[in-house]
Structure formats: structure tokens, C-alpha cells
Amino acid sequence: GNGTFGSITSKGEELFSWTFEAYTNTIAFSPSNSTLAVAVHNSTLSFIDLGNPDNPQEVFLRNLPLMNLVFIDENTLLGTGFNWLPQVYKKTGGNWQFLKNLDDDTASQATKTGSAFDSKRTLFEKASTEGHSIRGNMMNMDSALLKQTTKHMNTITGLSVTKKNGDRVSEIGTSDVGGHFHLWTLPTF
């Protein structure tokens, strides 16, 4: 046979075993089966070269854990999960790293970091000087602060390949727990 697992003739034989610091959310194999990607719930992503499985590369995510993985091609991985944004990881010079989000969320990030803190501080100061309850106002403000500019408004739980050009994935579909579904045409990364 061909590929990393081409010489295997038996069934049920353990070939590799790894232990991670948290539970595994999902795995994906590269198109040639030479790389295994593992998304772990501690916001790490491990890439294991199955030709040299003793030295996995661990990438620390910038955001919340990934729940779904798909290799776009041999050196490009797409992941989705708890942070509402499809993320692209690229192998360059032998190392895997975060490349970009498919959905640009810069406006929402600015709102969450600057004005969210300032608005809540103002609300607390007003409550302490005027002596009234802030619970109702806080709940209303929280829902306003959660307005996103991203296509998904919640955890992305589904990731499917919808179109391929040869071995390369050219379109994916994503869905979230809020019932939203989006198709993405993928550029060459």
C-alpha cells in the first residue's frame, strides 16, 4: 500500500499513542495522511508528523478552543470552535502557525476591549454615586456588548468540505449552535 499507513496489514493494532494536557476535541489527517492535527480543549493545537511522531509541534491558540478541523491542503489547516471565527493555520519553513481568520472581526474586538470596559466602569461609578441598582442595566448592556460583526454569532459546531479542486479544498460550510449556516469560498493561502 501507499502512504504512512500503507504497510499495515492487521486490524485493531495500536500504531501511535499520545497524551495531552486536556481532553481532545477533534483530530484531522492531512490529505497524504502524513500529518495529524489534534485540537485540545486547553486551547492548543498539536501537529504530529507521523514520520517523526515523537516530536509533535504545539501551537498555543490566541482564543478559545477549536472543535472542528479540516486540512485545506497538505500545508494549510482550517479550524473552528468556541470563538466564532474560522481560523487558518499554515506550515511555513517546517513550522505551523496561525495565519488569519476567514471572517475579519476587528470592529467587534475593538468594541469588546475599549468601550466595554469603559462603559461598565461608568455604570459602576454612576451606581455608587447615585446609590441605585445596576443589575437590570448591566444585563441590558451585556447583550448590547455581545453584538458581533462576525458571520457566526455563537460557537461553530459544524465544519464540512463542500467543494474540492483536485486534492485542495476550495469551499467549506460552517454552522453554529444558533442555527446559522455559511458557505466560504477559500482563497489560496
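**Strands, cores and a buried serine**

Strand β2 (residues 35-40) and β3 run antiparallel to each other and pair over six bridges. Strands here are DSSP runs of E with at least two residues, numbered from the N terminus, and two of them count as paired if DSSP finds at least two bridges between them. Heads-up: this is a predicted model, where local features need pLDDT of at least 70 and side-chain atom pairs count only at pLDDT 80 or more, while totals for chains, interfaces and linings use all residues. Residues are numbered from 1 along each chain as its sequence is written, and side-chain values use heavy atoms, with hydrogens and water left out.

**Around β3**

- How much of strand β3 (residues 44-49) is buried? Five of its six residues are, where buried means under 20% relative accessible area with a 1.4 Å probe, protein chains only (over 50% is exposed, and partly exposed is in between).

**Serine 43 in the hairpin**

- The hairpin of β2 and β3 has three residues between the strands, and serine 43 takes a positive phi near 65° there.
- Serine 43 belongs to the loop between β2 and β3, and its relative accessible area of 16% is why it counts as buried.
- The serine 43 side chain reaches the backbone oxygen of asparagine 63 at 3.2 Å.
- Setting aside neighbours within four places in sequence, serine 43 is in contact (heavy atoms within 4.5 Å) with Val59, Phe60, Leu61, Asn63, Leu64 and Pro65.

**Nonpolar cores**

- A nonpolar core is a set of buried Ala, Val, Leu, Ile, Met, Phe, Trp, Tyr and Cys residues joined through side-chain atoms within 4.5 Å.
- In the largest one, with 14 residues, those touching the most other members are Leu45, Phe47, Leu66, Leu69, Leu77, Tyr89 and Trp96.
- At least two residues of this core come from each of β2, β3, β5 (66-73) and β8 (95-101), and β5 gives the most, with three.
- Beyond its neighbours within four places in sequence, leucine 45 has contacts that include Val38, Leu66, Leu69, Leu77 and Tyr89.
- A second, separate core of ten residues includes Val88, Ile172, Trp184 and Leu186.

**The β9-β10-β11 sheet**

- Three strands in the order β9-β10-β11 form an open sheet with antiparallel pairing.
- β9 (156-165) and β11 (181-185) are the edge strands, each pairing on one side only.
- Neighbouring strands of this sheet are turned by 20° against each other on average, direction ignored; axes are lines fitted to C-alpha atoms, for helices over the stretch in contact, and angles run from 0 to 180 degrees between N-to-C directions.
- Strand β10 (residues 168-176) is joined to antiparallel β11 by five bridges, and serine 175 has phenylalanine 181 in β11 as its bridge partner.

**Valine 169**

- Buried or exposed: which is valine 169? This residue of strand β10 is buried, because its relative accessible area is 2%.
- Leaving out neighbours within four places in sequence, valine 169 is in contact with Val70, Phe71, Ile72, Val161, Lys163, Lys164 and Leu186.
- Threonine 76 is 93 residues away along the chain, yet its C-alpha atom is separated from that of valine 169 by 9.9 Å.

How values were computed:
Helix = DSSP H or I, 4+ residues; strand = E, 2+ residues; numbered from the N terminus. Polar contact = N/O pair within 3.5 Å; in protein donor to acceptor, adjacent residues only side chain to side chain.
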